[in-house]
Amino acid sequence: MKQEVYNRWVDDHRTVIEEIRLSAHALHASVNQTYDDDKPYGVHLDMVAQSVFDYGYEVCATECDLLPLFFGAYFHDSIEDARLTYNDVVRQARLWMNEEQAVVAAEIVYALTNDKGRTREQRAGEHYYAGIRQTPYAPFTKLADRLANTRYSFLHSNQANRHMQTVYRQEMAHFLQVITVDNPDPRFSLPQEMLQAIHSLLAE
């Protein structure tokens, strides 16, 4: 996909993308979810969606997939953290998309929803990553999520963020292995610029 074509699609749908963004912000605010203890959770959602703005042209197969891709970024934590069910997510996506698009969007969100578990490893185990690898755009969205969290942890120096810097460094090799798909379909690809950005952060 040529970047200028993708950017034109984004411009054509910018009003709807902003509606999706504001709806996701309001959803997480309604359950009093914050980011880094004291920030609106929308801070994180916007950082994840920024990768869709910046790198989406490398993965987006058709204009019909543009809104599902943005919805997946903005709503990726809505089941896990904001008490929605899968069917709730589909209904929400239908506000801006047709049925086929809504299902694509909901599948991204579902794939990024952690499993039940007592530890980080249990919540994001092999079953979880298998679901990501099987779902169009989920590897990209998961990488966008990790890039956002990693970037934030290096921009803020409290104890929790310093701890997460170490965690992300330790997990990086395995993380990339389990989200990488051997498939020429661009919907499963990981943009090299994103990979370089996260590697550069972890090298600091």
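This report walks through the core, aromatic pairs, cysteines and a few loop residues of a predicted model.

## Ground rules

Since the model is predicted, local features need pLDDT of at least 70 and side-chain atom pairs count only at pLDDT 80 or more, while totals for chains, interfaces and linings use all residues. Numbering starts from 1 along each chain as its sequence is written, and side-chain values use heavy atoms, with hydrogens and water left out.

## The nonpolar core

Let's start inside. The largest nonpolar core has 67 residues, and Tyr6, Phe71, Tyr74 and Ile179 have the most contacts inside it. Helix 10 (residues 138-155) gives the largest share of this core, 8 residues. A core here is a set of buried Ala, Val, Leu, Ile, Met, Phe, Trp, Tyr and Cys residues joined through side-chain atoms within 4.5 Å. Buried means under 20% relative accessible area, exposed over 50%, and partly exposed in between, using a 1.4 Å probe and protein chains only. Helices (H or I, at least four residues) and strands (E, at least two) are DSSP runs, numbered from the N terminus.

Over in helix 9 (residues 126-133), Tyr128, Tyr129, Ala130 and Ile132 are buried. The buried residues of helix 9 pack against helix 7, helix 8 (120-123), helix 10 and helix 11 (159-179).

## Aromatic pairs

A search of the whole structure turns up 8 aromatic pairs. Rings of Phe, Tyr and Trp (its six-membered ring) pair if their centres lie within 6.5 Å; planes under 30 degrees apart count as stacked, over 60 as edge-to-face and the rest as tilted. Tyr35 and Tyr41 have ring centres 5.9 Å apart and planes at 80°, so this pair is edge-to-face. Both of these tyrosines, Tyr35 and Tyr41, are buried. Together with Tyr152, Tyr35 and Tyr41 form one aromatic cluster.

Phe71 and Trp96 make a tilted pair, 6.3 Å centre to centre with 55° between the planes. That pair links distant parts of the chain, 25 residues apart: Phe71 sits in helix 4 (residues 66-74) and Trp96 in the loop between helix 6 (86-93) and helix 7 (99-111). Phe71 and Trp96 are both buried.

## Cysteines

There are 0 disulfides (pairs of cysteine sulfur atoms within 2.5 Å) in the structure. For Cys60, the nearest cysteine sulfur is that of Cys64, 9.3 Å away. Cys60 is buried at 3% relative accessibility, whereas Cys64 is partly exposed at 48%.

## Loop residues worth a look

His76 lies in the loop between helix 4 and helix 5 (78-82) and is buried, at 0% relative accessibility. Its side chain joins that of Asp77 through a polar contact of 3.1 Å. Such a contact is a pair of N or O atoms within 3.5 Å; within protein, one must be able to donate a hydrogen and the other to accept it, and residues adjacent in sequence count only if both atoms are side-chain atoms.

Asp37 has a positive phi of about 75° although it is not a glycine. Asp37 lies in the loop between strand 1 (34-35) and strand 2 (39-40) and is exposed, at 72% relative accessibility. Tyr137 also has a positive phi of about 75° without being a glycine, but Tyr137 is buried, with a relative accessible area of 1%.

Definitions and conventions: Contact means heavy atoms within 4.5 Å.
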